[in-house]
Amino acid sequence: MKALFIFDDGKNSTFYLYDLMNGVNRLIHFAPEIPLQTITLGELYTREPIEKFVAHFAGAFSIEVKKYLVMEKAEGLALVRNSGLASDGRFHVTNPTSFTACKNQKRYEEGDLALTPEEIDAYISWQIDDDGSFGVFTRQEDVIRLMRRKLVTPRLSMVTKHAGKVSNYTKTNLNLKDLLKMGSGYLAKGDAPMKKQTVPTLGTYELSQEQPYRLVRIEWAENPVQLREPLR
């Protein structure tokens, strides 16, 4: 099964392709700033109905995917507030790399952090980090993992039980069988065995000179997924 997960934040939405087919356990991140001729991938997402966008996404990258699950950033933050805070009222994460958040100009140091609800928003907002990397994908996965634990589980009885919650927090065309497959495939194996890739890959793109950084050019030949030639 292939499914496109979209963390919806308007033109700054991020895209996660889950590939659980034929024994493969792969996750590919797609940056919203990928240029598609005159607009970006994120801008295209804001302009089209979800089914049409998924079809255009599949065609642009020559990937066969029809299943999707969309979570608005606001709903993700609500899920954290409702289900993810510790007894001290904070969201505990391990930040892999220090960075300065563009949204609040706060410095988030590497290591264990206890974030307030307000700090979480800037922590997971799309940006290209100080070092030119896409560390935000790893940070957003803290919220995505919480969603999986709360809404998608490997057992059919629990998937059925949480089906209503899935529809409350997300927009999706995944059915119960799809959720069960995602649970038994991805969740059962955990994150460690999953092969993760990012498009564009570090070292294959050029950035603007000033922050906030923007993508200027991508060398597609060096990337694991290719954008079709006419769209470059």
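**Entry 1: the largest pocket**

I define a pocket, on a 1 Å grid over the protein atoms alone, as an open set of points where a 1.4 Å probe fits, with protein on both sides within 12 Å along at least five of seven lines; a cavity is a set from which the probe cannot get out. Grid points are joined across faces, edges and corners, and a volume is the space filled by probe spheres set on the points.

I note that this is a predicted model, in which local features need pLDDT of at least 70 and side-chain atom pairs count only at pLDDT 80 or more, while totals for chains, interfaces and linings use all residues. Residues are numbered from 1 along each chain as its sequence is written, and side-chain values use heavy atoms, with hydrogens and water left out.

I looked up the largest pocket and found a volume of about 150 Å³. Its lining, meaning residues with an atom within 4 Å of a point, consists of H29, S133, F134, F137, T138, T198, T201, L202 and Y205. I sorted this lining into 4 nonpolar, 5 polar and no charged residues. For that division, Ala, Val, Leu, Ile, Met, Phe, Trp, Tyr, Cys and Pro count as nonpolar, Asp, Glu, Lys and Arg as charged, and the others, Gly among them, as polar.

**Entry 2: salt bridges**

I took a salt bridge to be a side-chain nitrogen of Lys or Arg within 4 Å of a carboxyl oxygen of Asp or Glu. The count by this rule is 14.

I examined R214 and E33, whose closest N and O atoms are 3.3 Å apart in a salt bridge. R214 sits in the loop between β13 (205-207) and β14 (215-218) and E33 in the loop between β3 (26-30) and β4 (35-36), so this pair ties together parts that are 181 residues apart in sequence. Helices (H or I, at least four residues) and strands (E, at least two) are DSSP runs, numbered from the N terminus. R214 is partly exposed at a relative accessible area of 42%, whereas E33 is buried at 11%. I use buried for under 20% relative accessible area, exposed for over 50% and partly exposed for values in between (1.4 Å probe, protein chains only).

I then turned to K73 and D121, a salt bridge with its closest N and O atoms 2.6 Å apart. K73 belongs to helix α3 (residues 73-84) and D121 to helix α4 (residues 117-124), so the pair ties together parts that are 48 residues apart in sequence. K73 is buried, with a relative accessible area of 6%.

A further salt bridge joins the side chains of D129 and R139 at 2.9 Å, N to O. D129 is in the loop between α4 and α5 (136-151) and R139 in helix α5, 10 residues apart. Both partners are buried, D129 at 4% relative accessibility and R139 at 2%. I also recorded that salt bridges with shared partners join D9, K73, K103 and D121 into one network.

I located S13 in the loop between β1 (2-8) and β2 (14-19), where S13 is buried at a relative accessible area of 0%. Neighbours within four places in sequence aside, S13 is in contact (heavy atoms within 4.5 Å) with I6, F7, D8, P32 and Y45.

I checked polar contacts as pairs of N or O atoms within 3.5 Å; within protein, one must be able to donate a hydrogen and the other to accept it, and residues adjacent in sequence count only if both atoms are side-chain atoms. The side chain of S13 makes such a contact with the side chain of D8 (3.4 Å) and reaches the backbone oxygen of G10 at 2.6 Å.

I placed E141 in helix α5; E141 is buried, with a relative accessible area of 3%. With neighbours within four places in sequence left aside, E141 is in contact with Y16, L27, H29 and K196. H29 is also one of the residues lining the largest pocket.

**Entry 3: backbone geometry**

Most residues other than glycine have a negative phi, and most peptide bonds are trans.

I found a cis peptide bond between V199 and P200, with omega about 0 degrees; P200 is in the loop between β12 (195-199) and β13. The bond from Q211 to P212 is also cis, with omega near -5 degrees, and P212 lies in the loop between β13 and β14.

I noted a positive phi of about 55 degrees at S62, which is not a glycine. S62 is in the loop between α2 (50-61) and β6 (67-72) and is exposed at 58% relative accessibility. Q105, likewise not a glycine, has a positive phi of about 60 degrees. Q105 lies in the loop between β8 (99-100) and β9 (107-108) and is exposed at 59%.
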